[in-house]
Amino acid sequence: MRGIRRIIEIDEERCDGCGQCVPSCAEGAIQVVDGKARLVAEKYCDGLGACIGECPLGALRVIERVAEDFDEEAVEEYLKTSESPKRALERPCFPCFSGQIHGGLRSRPGEEAEEPMDHGETGSALSHWPVQIRLVPATAPFLRGARLLVLADCTPVAYPHLHRHLLKGRAVMLGCPKFDETDAYVEKFAEIFDRAEIKAITVAVMEVPCCRGLPLIIRKAMDLAGKEIPMEQV
């Protein structure tokens, strides 16, 4: 079926065919053809826009227009049948769900959480996807009225009890305050605070200098949004 929905638009005049957008599209909806990034099929694009931030020339944008409905089953079949050495380099090596917004997750959608190696631990407390700050849209349903957990992307590796002690019952957003654009983080969080009515924020800070920037980012975002949200630093 066709209807008005969000979908990627590619400006061929700006696109130089670098291909940086290709691996960021988990559905494989974009390929470089004849030196330009092109949409393989409308039904493979979910309209989230995870590819936009990877384009150095700003050739990608999300628009609303009449398009074929996104078909998740078709995407899964497409990824299974489009394996090639070139394709394997252009996208993640397994079907990933990072290009879609999901709620109510325990592991991957439709799967049980894997049995943890340490039987003293419970399974995953993750309730949504995506989790990267750059990929989470301010309009994501799981942010509405949420208790938010913000942390650096190395923290889950360093702190084995994250799911049990911090993540349960919270929406999580993670990134790197050292290597990513902090101004973009401030703008993203300010938009979230303006739209989502966040109830409380927990910022998990590792004992390394680069992590200290996270609380500052959150405070600047609250100032920018004109919001005062209870914030706890752990």
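**Sheet and helix packing in the predicted model**

The description given here rests on a predicted model.

Five bridges connect β7 (residues 147–152) with β8 in the parallel sense. Among the residues involved, Leu 149 has Val 172 of β8 as its bridge partner.

Two packed helices are described by the angle between their axes and the distance between the axes. For α5 and helix α6 (residues 213–225), the axes come within 8 Å and cross at roughly 50 degrees. The arrangement of α5 to α6 is therefore oblique, and the crossing is right-handed. On the α5 side, the contact involves Thr 182, Tyr 185, Val 186, Phe 189, Ala 190, Phe 193 and Asp 194. These residues meet Ile 217, Ile 218, Lys 220, Ala 221, Met 222, Leu 224 and Ala 225 of α6. Classified by residue type, this contact of α5 with α6 comprises eleven nonpolar, one polar and two charged residues.

Two features of the backbone concern loops. Most residues other than glycine have a negative phi, and most peptide bonds are trans. Trp 129 and Pro 130 are joined by a cis peptide bond, with omega about 5 degrees; Pro 130 is placed in the loop between β6 (128–129) and β7. Asp 34, although not a glycine, has a positive phi of about 55 degrees, and is located in the loop between β2 (30–33) and β3 (36–39).

Regarding confidence, the mean pLDDT of the protein is 82, and 82% of its residues reach 70 or more. Across residues 83–99, however, the pLDDT is below 50, and this stretch has 33 contacts in the model beyond near neighbours in sequence. Residues 106–119 likewise stay under 50 in pLDDT, and the model has 14 contacts for them beyond four places in sequence. Where pLDDT is low, the predicted coordinates should not be read in detail.

Methods:
Residues numbered from 1 in each chain as written. Predicted model: local features only at pLDDT ≥ 70, side-chain atom pairs only at ≥ 80, totals over all residues. Heavy atoms only, no water. Pairing = 2+ DSSP bridges. Helix = DSSP H or I, 4+ residues; strand = E, 2+ residues; numbered from the N terminus. Axes fitted to C-alpha atoms, helices over the stretch in contact; angles between N-to-C directions. Parallel < 35°, antiparallel > 145°, perpendicular 65-115°, else oblique. Left-handed = near helix turned anticlockwise from the far one by under 90°. Contact = heavy atoms within 4.5 Å. Nonpolar A, V, L, I, M, F, W, Y, C, P; charged D, E, K, R; others polar. pLDDT = per-residue confidence, 0-100.
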